[in-house]
Every structure is written in structure tokens, then in C-alpha cells.
Amino acid sequence: MIPSPAEMLTDLATRITSHLGPALYSNFSQADAGLISTLMTVLAQDYERAVSNRILDIEEMCEIFTKCPEQAPAANQRKAFAKQTPKSLHLVDVTDLHRQGFEILIDLHAWSEGSPQDVIQQSINRDIWALLRRHSERNKFELPIN
């Protein structure tokens, strides 16, 4: 058998909801079982896409970082980040690089919103907002409605 962790988590979540939850007597226990089931469902979804989504974000951040002018904040950090790759494709390593990129992006975003008259800053601000929208769409969870 080839393990599919996402499928296993989803199956376990379904089992908790359909078999264990109804057998519990207190409202609190049933609600707790529902919460655990929901969390397992979103973990399954994130498991399937986490590395891919973070890599896409990293690539988009690198595009933004490389087209920024020198006077934008953290020029050296941006250049260094754009040359990096994750230590491995393990989720922890990809997540670490992703976190580093978002720390730089936050400072850059604050700078880009600081001068509404500057055309370059406006362009970078639009690019960052577009990245954040795509990031949100990539990472949204699809929950079954009961």
C-alpha cells in the first residue's frame, strides 16, 4: 500500500464526525469532536499543497524583490533572498525560507504604501497586493457544508 496521508486524515476526520461524534453525550464533547474533525480536514488539504504553494509564493516574492529599486528597504536582504533555494523540499525547510521572504515583504509593503505619489512604489504596492490575493486563494480551505 502506498500511503496517502491527506486521504488518511480525511478518512479519520469523516469517521470522527460520522461515528464518534454522535455517540458522545455532552454538547461540549460533540463540538470538540467536530472541531478536531475540521482541523484534520484542513490539515489534509494543507498537506497536499503546502510545499507547492510556498514555492509559488517564494518565486513571486523573488520577482518583486528583483525589480525593486536600490532605495527600497532591505536591498541586501532582498538580493540574498532572491538567490536562495530551500535547504531541501521538506516542508520545514520550505516554510523557513517562505517565512524569511514574508518578513522582507512586510517591510517592503510598508515602504511601498508610504508615498502614494511615487510611481515605482505604487507599482510595487500593486504587485504585493496581487501576490497576497493569489496567496490567499491558493491557501484557502474547502470545507464540506453539513
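Mentor: The axes of α3 (residues 75–83) and α4 (residues 91–112) cross at roughly 150 degrees and come within 11 Å. Axes are lines fitted to C-alpha atoms, for helices over the stretch in contact, with angles from 0 to 180 degrees between N-to-C directions; helices are DSSP runs (H or I, at least four residues), numbered from the N terminus. This is a predicted model, in which local features need pLDDT of at least 70, side-chain atom pairs count only at pLDDT 80 or more, and totals for chains, interfaces and linings use all residues. Residues are numbered from 1 along each chain as its sequence is written, and side-chain values use heavy atoms, leaving out hydrogens and water.

Trainee: Which residues of α3 and α4 make the contact?

Mentor: Contact means heavy atoms within 4.5 Å. Gln77, Arg78 and Phe81 of α3 meet Leu97, Gln100, Gly101, Ile104 and Leu108 of α4.

Trainee: Which residues of α4 are buried?

Mentor: Buried means under 20% relative accessible area (1.4 Å probe, protein chains only). In α4 these are Val94, Leu97, His98, Gly101, Phe102, Ile104, Leu105, Leu108, His109 and Ser112. Their cover includes α2, α3 and α5.

Trainee: How many residues has the largest nonpolar core?

Mentor: In soluble globular proteins, nonpolar side chains tend to be buried together. A nonpolar core is a set of buried Ala, Val, Leu, Ile, Met, Phe, Trp, Tyr and Cys residues joined through side-chain atoms within 4.5 Å. Here the largest has 17 residues, and Phe81, Leu105 and Leu108 are among those with the most contacts inside it. The helix that gives the most to this core is α4, with 6 residues.

Terms used
Helix = DSSP H or I, 4+ residues; strand = E, 2+ residues; numbered from the N terminus. Buried < 20%, exposed > 50% of the residue type's maximum accessible area, 1.4 Å probe, protein only.
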